[in-house]
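Let's take a walk through a protein model together. Have the sequence and the 3D view ready, and follow along as we go.

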Amino acid sequence: QVQLVESGGGLVQPGGSLRLSCAASGSIFNIYYMNWYRQAPGKQRELVAGITSGSATNYADSVKGRFTISRDNAKNTVYLQMNSLKPEDTAVYSCKAGVQTTTQKYYLEYWGQGTQVTVSS
């Protein structure tokens, strides 16, 4: 079994910064990718950023130049550095990871519980 736990959300003023973390734990053999998603009230969930095991990254157009995704493979942790935050960034941010456990020959997708980010003055 694999667990993903996010942290780092909170209330921040427009223009401010936050750093989210998502730590994976369990019987992990390999993490193929780790992604951040967000869902604002009344809106569909959207992919914010993703990073592969080889550190290739991709970003939603709305966050390019403001957000940076990174990962620490030794800690099985992905980070999302969010700068120049805007009110429209307000959402619940969740991470998803493609994980192969020590007892499987394939990977499954796992989700964290989410962390609230609110950008408001």
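We'll start with the strands, then look at the disulfide, the salt bridges and the aromatic rings.

A word on ground rules: this is a predicted model, so local features need a pLDDT of at least 70, side-chain atom pairs count only at pLDDT 80 or more, and totals for chains, interfaces and linings use all residues. Residues are numbered from 1 along each chain as its sequence is written, and side-chain values use heavy atoms, with hydrogens and water left out.

Strands here are DSSP runs of E with at least two residues, while helices are runs of H or I with at least four, and both are numbered from the N terminus. Two strands are said to pair if DSSP finds at least two bridges between them. Strand 4 covers residues 28-39 and runs antiparallel to strand 9, residues 91-101, with 10 bridges joining the two. To find your way, look for isoleucine 28, which stands opposite threonine 101 in strand 9. Strand 4 also pairs with strand 5 (residues 46-52), again in the antiparallel sense, over six bridges. Here tyrosine 33 stands opposite threonine 52 in strand 5. Strands 4 and 5 form a hairpin with six residues between them, and in that turn glycine 42 has a positive phi of about 80°.

Now pick out serine 94, which has its place in strand 9. Is serine 94 buried or exposed? Serine 94 counts as buried, because its relative accessibility is 11% and buried means under 20% relative accessible area, with exposed over 50% and partly exposed in between (1.4 Å probe, protein chains only). Setting aside neighbours within four places in sequence, serine 94 is in contact with Glu6, Asn35, Trp36, Tyr37, Trp111 and Gly114, where contact means heavy atoms within 4.5 Å.

Next comes the disulfide. A disulfide is a covalent bond between the sulfur atoms of two cysteines. The rule used here asks for a pair of cysteine sulfur atoms within 2.5 Å, and a search of the whole structure finds one. Its partners are cysteine 22 and cysteine 95, with sulfur atoms 1.8 Å apart. The link of cysteine 22 and cysteine 95 is right-handed, with 45° about the S-S bond. Cysteine 22 lies in strand 3 (residues 18-26) and cysteine 95 in strand 9, so the pair ties together parts that are 73 residues apart in sequence. Cysteine 22 is buried at a relative accessible area of 0%, and cysteine 95 counts as buried too, at 1%.

What about charges? A salt bridge is a side-chain nitrogen of Lys or Arg within 4 Å of a carboxyl oxygen of Asp or Glu, and by that rule the count comes to five. Arginine 38 forms one with glutamate 46, their closest N and O atoms being 2.6 Å apart. Arginine 38 is buried at 6% relative accessibility, whereas glutamate 46 is partly exposed at 33%. Arginine 38 also meets aspartate 89 in a salt bridge, at 2.9 Å from N to O. Aspartate 89 lies in the loop between strand 8 (77-82) and strand 9, and arginine 38 in strand 4, so this pair ties together parts 51 residues apart in sequence. Aspartate 89 is buried, with a relative accessible area of 1%. Salt bridges that share partners join Arg38, Glu46, Arg66 and Asp89 into one network.

Last, the rings. Rings of Phe, Tyr and Trp (its six-membered ring) pair if their centres lie within 6.5 Å; planes under 30 degrees apart count as stacked, over 60 as edge-to-face and the rest as tilted. That gives three aromatic pairs. In one of them, tyrosine 32 and tyrosine 107 have ring centres 5.4 Å apart and planes at 40°, so the pair is tilted. Tyrosine 32 sits in strand 4 and tyrosine 107 in the loop between strand 9 and strand 10 (108-111), 75 residues apart. Tyrosine 33 and tyrosine 107 form an edge-to-face pair, 5.7 Å centre to centre with 90° between the planes. Tyrosine 33 counts as buried at 14% relative accessibility, while tyrosine 32 is partly exposed at 33% and tyrosine 107 is partly exposed at 40%.
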